[in-house]
Amino acid sequence: MKEKNKGAGRKASSYAAKIAVIYTVVSSVWIISSDYIVCKMFESNQLFPLISILKGWMFVAITAVLLYFLIRSKLYTLHLSESKLQSTLEELQKTNAELSQTQEKLAVQYKKLAKNQAKIRELSFFDSLTGLPNKNHFQLVLEKAIKEAYLKNQQLAIIYIDIDNLNKVNNTLGHIAGDSVLKKIANRLKSVIPDKGFVARLTGDEFAIILYNFIDIRLLDYFIHKFTSIFNNPWKIMDYEFYITASIGIAIFPNDGNDATTLLENAHKALNSAKEKGKNTFCFYNKEMDKVLQQRFELESYLRKAIEQNQFKLFYQPIIDLKRTKICGAEALIRWIHPEKGFIPPLAFIPIAEQTGLIFKIGEWVISRSVSDLKDIKMAINDNFYVSVNISLKEFSTSNFVDNVLYSINSLKIEPTAFGIEITKSVAMVDPPKDN
């Protein structure tokens, strides 16, 4: 574009120079030739001045006419250029107005985008129900806190809190009441957390707290008791008063882990240990928990194989009628004989079987085997002999439990009165599901 403008400028300058040269030559020729002609034609000296004046005016007139036609074309060209410039200017002004409108729209869109980004950030890092930081936010803060504690050679504690039996509130009063309880718990936790602490909601009924730079274990105990004390007072929801407890697990940096993931996992292990102790208590993490969990994992794996490989045996403890001094029945007791570990007591595997759901398969096997043994015993002694079995709470609470027992009894044609089921108080107090 610059090269084109320079070329046009050079052409205009060349054109002007040519006009000047031509005009100078023509003017000189005109003056010399006209003076010569006048001198020859008019020898009278009196007429010469008058003719010279007329010749001069003629020259001026002719020059003016020539200049008019030369300038006129240039003026017309300039007029066209001016019109184009005016049109271009109007287009630029219109474009500028459109750009201004677009800029205003972009400013509005940017504000909306900023609000949406803020909302997305809030959803990404804060819990919508309680307003507390969520698990993602907690993870980031914990990682940063660990780095600072490492550089400053300080301790920090992770306090993992699980609300005990919150589902009872949901089932009894509804989820709205349960959400209200969670909000109140969040507010109480925030009220007792110190300035150098951070509280977050990890999942539905789980909360976590970071306690920064505590000096000794006594200070940590003080805050733990403050956290547990908020559950001592009753909760009033929808004109109902009830008590809620919490189980707490604690892990300490750097003794119990050097990174966020390990600390959270160990705090959760301590929480599970608190639950196993009956809930409504707290436990500190220790390395023995890993051994217990490993043993538990192995035992669960062995238990699944035991069901497949039929490693269980039933032993019968006699029941004696003291009036007749006679054995009138027996209680079936399950025992696990592992091919490598040998005898494994029921207290070691029954709780695991209940937690994993394997208790249903084991229970079915116990009922089926004890009914079969009862038939063999009756055929051998031909007497009013009966057998009883122990049933877990989970088995007894299933809707098809009675049907399964009756099916096993009827399939072997055993009198229902010859087969007994032993239940504990905890089982007897539960109302099992009933089919309508």
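Trainee: What should I know about the numbering and the model before we start?
Mentor: Residues are numbered from 1 along each chain as its sequence is written. This is a predicted model in which local features need pLDDT of at least 70, side-chain atom pairs count only at pLDDT 80 or more, totals for chains, interfaces and linings use all residues, and side-chain values use heavy atoms, with hydrogens and water left out.

Trainee: How many salt bridges does the structure hold?
Mentor: A salt bridge is a side-chain nitrogen of Lys or Arg within 4 Å of a carboxyl oxygen of Asp or Glu. Side chains of opposite charge can pair when their charged atoms come close. By that definition, the count for the structure is 5.

Trainee: Which residue forms a salt bridge with D127?
Mentor: D127 lies in the loop between α2 and α3 (135-152), and its partner is in strand β2 (residues 197-201), so the pair ties together parts that are 74 residues apart in sequence. Helices (H or I, at least four residues) and strands (E, at least two) are DSSP runs, numbered from the N terminus. The closest N and O atoms are 2.9 Å apart, and the partner is R201.

Trainee: Is D162 buried or exposed?
Mentor: D162 meets K275 in a salt bridge of 3.3 Å, N to O. Buried means under 20% relative accessible area, exposed over 50%, and partly exposed in between (1.4 Å probe, protein chains only). The relative accessible area of D162 is 5%, so D162 is buried.
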